[in-house]
Amino acid sequence: MGNIVHLTEAASIGLHSIVIIARSRSQVNVHTIAEQTGSSKHHVAKVLQRLSKFGHIRSSRGPNGGFVLNRKPEEITLLHIYEAIEGKLKIPKCPANHEVCPFGKCLLNDVSQQMTNQFRTYLESKTVDSYL
């Protein structure tokens, strides 16, 4: 059975990792995040690298190294995290990616566009501090 809305594993790891890091009073390492999210260390490391590249977190190396937030939790929206992982959220004009509808009007009444707008609005309205 197909899902209408599907969050990729990478996006899920990114969103959950940020909250785990924000809740911690000290640095959090990849192993801890992988354990808590049930993900592979390699996938977590790759996602954290992207979040670091976008300036949401910063890392320190060494035996006591790990990740901390680089910005205040109230400054980071879920949309920031999602787009750091998945790229800019595009609002589709057509669920089938057609330039011109062969029927003149969308058979699905533009529901995918509406759902994506709602999803974007939700992600934009939630900041990391909402989950602390």
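In the contact between helices H2 and H3, Val30, His31, Ile33, Ala34 and Thr37 of H2 meet Lys41, Val44, Ala45 and Leu48 of H3. By class, this contact of H2 with H3 comprises 6 nonpolar, 2 polar and 1 charged residues. The model described here is a predicted one. Within it, helix H2, which spans residues 30-37, packs against H3 at an angle of about 115°, the two axes lying 9 Å apart, and H2 and H3 are therefore roughly perpendicular to each other. The crossing of H2 and H3 is right-handed.

Helix H3 (residues 41-53) also packs with helix H1 (residues 9-23), the axes of the two helices coming within 9 Å and crossing at roughly 70°, which makes H1 roughly perpendicular to H3. On the H1 side, the contact involves Glu9, Ala10, Ile13, Gly14, Ser17, Ile18 and Ile21, and these meet His43, Val44, Val47, Leu48 and Leu51 of H3. The residues of the contact of H1 with H3 divide into 8 nonpolar, 3 polar and 1 charged. Val44 and Leu48 of H3 are listed in the contact with H1 and also in that with H2.

With regard to aromatic side chains, the structure holds 1 aromatic pair, formed by Tyr82 and Phe119 in an edge-to-face arrangement, with 5.6 Å from centre to centre and 85° between the planes. This pair links distant parts of the chain, since Tyr82 belongs to helix H4 (residues 78-86) and Phe119 to helix H5 (residues 111-125), 37 residues apart. Tyr82 counts as buried, because its relative accessibility is 13%, whereas Phe119, with a relative accessible area of 26%, is partly exposed.

How values were computed: Residues numbered from 1 in each chain as written. Predicted model: local features only at pLDDT ≥ 70, side-chain atom pairs only at ≥ 80, totals over all residues. Heavy atoms only, no water. Axes fitted to C-alpha atoms, helices over the stretch in contact; angles between N-to-C directions. Helix = DSSP H or I, 4+ residues; strand = E, 2+ residues; numbered from the N terminus. Parallel < 35°, antiparallel > 145°, perpendicular 65-115°, else oblique. Contact = heavy atoms within 4.5 Å. Nonpolar A, V, L, I, M, F, W, Y, C, P; charged D, E, K, R; others polar. Left-handed = near helix turned anticlockwise from the far one by under 90°. Phe/Tyr/Trp six-rings, centres within 6.5 Å; stacked < 30°, edge-to-face > 60°. Buried < 20%, exposed > 50% of the residue type's maximum accessible area, 1.4 Å probe, protein only.
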